Amino acid sequence: MAKSLDLEENSFAKQLFGDQSLLQARFNFHPLCSRSDLVLGVKPHIDRSGMTVLLQDRDVEGLQVLIDGKWVGVPIVPHALFLNLGDQMQIMSNGIYKSPMHRVVTNTEKMRLSVALFNEPDPETEIGPVEHLIDDETRPRLY
Ligand SMILES: O=C(O)CCC(=O)C(=O)O
Ligand SMILES: [Fe+2]
């Protein structure tokens, strides 16, 4: 990702991982829900991570991303991991990479499982946009 912005390869990694970083796992289980029209599995949110690695359920969809004001379902791709960007990446890239709003809907017929790995810096670490991505005229510092 750093190289695609003409940055040194470790520009994001050195802030994100530093001397000590956190890797947290969350196991999401959504049982059947008779009122899936009313009940969400996970409410709309933005991950605070740098990057989230998600293993979706093998055959039950549910994850949706907000794109231009519309909820768009994320398809299941067999044996693939879904990578989502979190707030730390949006900050470090000075807003070039966005951390999207997403949610999970429930299902009336099938339960759903997913595993998310959140990668983030040590809570005491102060992060900010990479200097090369700040330009007072064309791209002012956003964070
Ligand atoms: O279950 C999913 O597909 C996504 C869960 C999620 O957004 C999260 O755990 O932050
Ligand atoms: Fe999330």
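Modeller: Two strands pair if DSSP finds at least two bridges between them. Keep that cut-off in mind. This model is predicted.

Colleague: Over how many bridges do strands β3 and β8 pair, and in which sense?

Modeller: Strands of a sheet pair through backbone hydrogen bonds, either parallel or antiparallel. Here β3 (residues 51–55) and β8 (residues 112–121) run antiparallel, with 5 bridges.

Colleague: Which residue in β8 is the bridge partner of Met-51?

Modeller: Asn-119. Start from that pair when you trace the two strands.

Colleague: What is the strand order of the open sheet that holds β3 and β8?

Modeller: Read across it: β1-β8-β3-β6. That makes 4 strands, paired antiparallel.

Colleague: Why is one side of β1 and of β6 left without a neighbour in the sheet?

Modeller: β1 (21–30) and β6 (82–85) stand at the edges, so each has a single partner strand and one side left without a neighbour in the sheet. Neighbouring strands here are turned by 20° against each other on average, direction ignored.

Colleague: Now the sheet with β2. What is its strand order?

Modeller: β2-β7-β4-β5. This is an open sheet of 4 strands, with antiparallel pairing.

Colleague: Which are the edge strands there?

Modeller: β2 (40–45) and β5 (70–73), each pairing on one side only.

Colleague: Over how many bridges do β4 and β5 pair?

Modeller: Over 4, in the antiparallel sense, with β4 spanning residues 63–67.

Colleague: Which residue in β5 does Gln-64 stand opposite?

Modeller: Gly-73.

Notes:
Residues numbered from 1 in each chain as written. Chains lettered and ligands numbered in written order. Predicted model: local features only at pLDDT ≥ 70, side-chain atom pairs only at ≥ 80, totals over all residues. Heavy atoms only, no water. Axes fitted to C-alpha atoms, helices over the stretch in contact; angles between N-to-C directions.
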